[in-house]
Amino acid sequence: MSAKQKPKKAIWVFGDYRNYFQNRVTLQLIAKARELAQAIDAETAVTVFGHNVDEWVGEYIAHGADKVYVADHPSLDNYLIQTYTRLLQHLAVRHWPEIILVGATGFGKELAARVASRLGTGLTADCVRLGLDDDGAFVQTAPAFGGNLLADIAIPKARPQMATVRPGAFKELSHDYDRTGEIVRVDLPADLPPERVRLISSTRVESKEQGLAKAKVVICGGRGMGSRQKFRNLAELARLLGGEVGATRPAVYEGWADEEMLIGQTGKEVRPDVLFSFGVSGAIQHTAGIQDAKFVVAVNKNPGAMMMQMADVAIAGDANHVCLALIREIRQRLEDQE
């Protein structure tokens, strides 16, 4: 191929459409890939594997993809790790993108690690930020040392550069019905490996992680709740308000909340209509994850806490007492309506 025919640089996103309407991480990555691609004069492409997947191909183009590589075959109807790994490796070797981005779901982490190993390249896991440095190098930011620090990581020589990215780290682009893109149909490679595992059946289970990222009401608790038992009261308040429960890093360390409930720089980013913050000091590692909350109610014994300063409504008092008072009031109003 001559220099004039040299293909354009590309940033790839692996398209995970299995729970499209709840899991938006692929759309979020397409949006970020477009931003990066514009800075390095590259195209944004998505890889889609499955059977009867044209609906998702159109969705990805409408949300920002310039090109979609489509492998559509009955044998790809269910996710099979060896098959998907070999197929993504096969495409990457043929087209050699600059960057491959994969959602940091259980599915994505398993796939990305295997593909990176086969391509002999680096992989940064659980990224919370992606960007370019002053020299235009791709920089991936990921938690380190148990989430206490953020590390900026670069892959200076190996290509493609690969990263898994946490859901909620970026905002998806709006659906553009008039947008067009290139669709490339991909034949399956002849050397697909035999699968060691056969899928007999599967059951879809709602992801609480995605529920938190999409919730209109979020009840977040910190160490100021005082104990595991008191922290559990937040779940009842969330139930009454139709919301989800989140937590700060100290609450997770105490064992009061699961890691998937973590909100902040090294956890989830939330964008609720209303955020209730109970016993949260407001460290920057946490507030980085709630910047897009539309209305914030903070409860803390310390009126000078940073969380209280940034709240729309600040209540100085014991977080658990206020939580219980709200629960009683809401229950009473619900009973009065019956």
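This tour walks through a predicted model, stop by stop, saying what to select and what is found there.

Residues are numbered from 1 along each chain as its sequence is written. Because the model is predicted, local features need pLDDT of at least 70 and side-chain atom pairs count only at pLDDT 80 or more, while totals for chains, interfaces and linings use all residues, and side-chain values use heavy atoms, with hydrogens and water left out.

**Helix H10**

Select residues 319-337, which make up helix H10, a run of 19 residues that reaches 27 Å from its first C-alpha to its last, close to the 27 Å expected at 1.5 Å a residue (the expected span is 1.5 Å times one less than the number of residues; helices are DSSP runs of H or I with at least four residues, strands are runs of E with at least two, and both are numbered from the N terminus). Now colour Ala319, Asn320, Val322, Cys323, Ile327 and Ile330, which are buried, a word that means under 20% relative accessible area, whereas exposed means over 50% and partly exposed lies in between (1.4 Å probe, protein chains only). These residues cover an arc of only 160° around the axis, which puts them on the same side of H10 (the arc is taken from the directions from the helix axis to the C-beta atoms). On the other side of H10, select His321, Arg328 and Asp336, which are exposed.

Next, select Lys301 and Asp318, which form a salt bridge with their closest N and O atoms 3.6 Å apart; the term means a side-chain nitrogen of Lys or Arg within 4 Å of a carboxyl oxygen of Asp or Glu. Lys301 lies in the loop between S14 and helix H9 (306-310) and Asp318 in the loop between S15 and H10, so the pair ties together parts that are 17 residues apart in sequence. Lys301 is exposed, with a relative accessible area of 62%.

Move on to Lys109 and Asp126, whose side chains meet in a salt bridge at 3.3 Å, N to O. This pair links distant parts of the chain, with Lys109 in helix H4 (residues 106-119) and Asp126 in strand S5, 17 residues apart.

**Two backbone details**

Select Trp96, in the loop between helix H3 (81-95) and strand S4 (99-103), where phi is near 45°, a positive value in a residue other than glycine. Finally, select Arg159 and Pro160, where the peptide bond from Arg159 to Pro160 is cis, with omega near -5°; Pro160 is found in the loop between strand S8 (149-153) and strand S9 (161-165).
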